[in-house]
Amino acid sequence: MRVMIVDWIYNNPTWLWGPIVVAVFVIVGCGGLLIFHQLVHVKLRRAHNDLAGFTFAIVGVLYAVLLAFIAIATWESFSRASDIVENESDYAGGMYLDTAGLPDAKGQEIRDALAKYVSVVIGVEWPIQRTGKTPDQGWKPLRDLATAIATIHPQNSGEAVIEAEMLKTWNELYDARSARLSAVQGHIPGVIWAIVFFGAAITTAYTYFFGYEHFGMHLAMTATLAATLGLIIVMIIALDWPFRGEISVSPDPFIMTQQSWAEAPIPRK
């Protein structure tokens, strides 16, 4: 059930599921207030408004700190995944340019291996990443690229320097790829989500202890608080899986690198 809900969220645009999440928060929050209002008389609650306000401030601040921490951590994880993708595409683009100093046959072999790797990442791996699964189709073209570099057999010192530089860049490309695949599964653990939702319930429910002369005003304030919490949680959900959903890391850096190769190919010697 949980997997189905997660898949539904990330397979639909934010404008569709976001308002639904906020509406659920508001309906549940106001529904709880309606029940509580029938069980506890407003005069009793009004007599303890000062104490309720003091303790609500503590509860609200603690939960706000928790939400802020999770929101910042989620954004940093999302930004880090974006940086990893840019670095990976940059390493591939740098190796392509380095082949300009190699003989045509060997340079073309490396360029073909790079083109194959980037095509697999864009066309095969990215759709798999968007489902929350870790792809492995890119390992073979990456190993083929390593083989092509290792068999350059440099004929002079210039080619030896290029080979050494390309091997170093290949290792960086390997590290960037590994980091990207790790980021595919980089999301908030279930126990943290349980704490987030439980904390939202406690914070919203604490507003029930206040006694207002006009119940409609009490209902409006509770709805506003529930909607605010819902909006923040929608933002966290949208950024939780870096490669899933409408707000996700795109393969644009790889696409731009691929286009640059087509627009400015390495000239033959």
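Biologist: First thing: is glutamate 109 buried, partly exposed or exposed?

Modeller: Glutamate 109 is partly exposed, with a relative accessible area of 38%. Buried means under 20% relative accessible area, exposed over 50%, and partly exposed in between (1.4 Å probe, protein chains only). Ground rules: this is a predicted model, where local features need pLDDT of at least 70 and side-chain atom pairs count only at pLDDT 80 or more, while totals for chains, interfaces and linings use all residues. Residues are numbered from 1 along each chain as its sequence is written, and side-chain values use heavy atoms, with hydrogens and water left out.

Biologist: What does glutamate 109 pair with in a salt bridge?

Modeller: Lysine 106, at 2.9 Å from N to O. A salt bridge here is a side-chain nitrogen of Lys or Arg within 4 Å of a carboxyl oxygen of Asp or Glu. Lysine 106 is buried, at 14% relative accessible area.

Biologist: Where do lysine 106 and glutamate 109 lie?

Modeller: Both are in helix H5 (residues 104-129), three residues apart, about one turn of the helix. Helices (H or I, at least four residues) are DSSP runs, numbered from the N terminus.

Biologist: How many salt bridges does the structure hold?

Modeller: Seven. Glutamate 125 forms one with arginine 177, the closest N and O atoms being 2.7 Å apart. Glutamate 125 lies in helix H5 and arginine 177 in helix H7 (residues 157-184), so the pair ties together parts that are 52 residues apart in sequence.

Biologist: Is arginine 177 buried or exposed?

Modeller: Buried, at 0% relative accessibility. Glutamate 125 is also buried, with a relative accessible area of 0%.

Biologist: What about glutamate 125 and arginine 180?

Modeller: They form a salt bridge too, with the closest N and O atoms 3.1 Å apart. That pair links helix H5 to helix H7 across 55 residues. Shared partners join Glu88, Glu125, Arg177 and Arg180 into one salt-bridge network.

Biologist: Switching topic. What volume does the largest pocket have?

Modeller: About 720 Å³. A pocket, on a 1 Å grid over the protein atoms alone, is an open set of points where a 1.4 Å probe fits, with protein on both sides within 12 Å along at least five of seven lines; lining residues have an atom within 4 Å of a point.

Biologist: Which residues are closest to its centre?

Modeller: Ile5, Ile9, Trp193, Phe197 and Ile237, out of 30 lining residues. Helices giving two or more residues to the lining include H1 (2-10) and H8 (190-206).

Definitions and conventions. Grid points are joined across faces, edges and corners, and a volume is the space filled by probe spheres set on the points.
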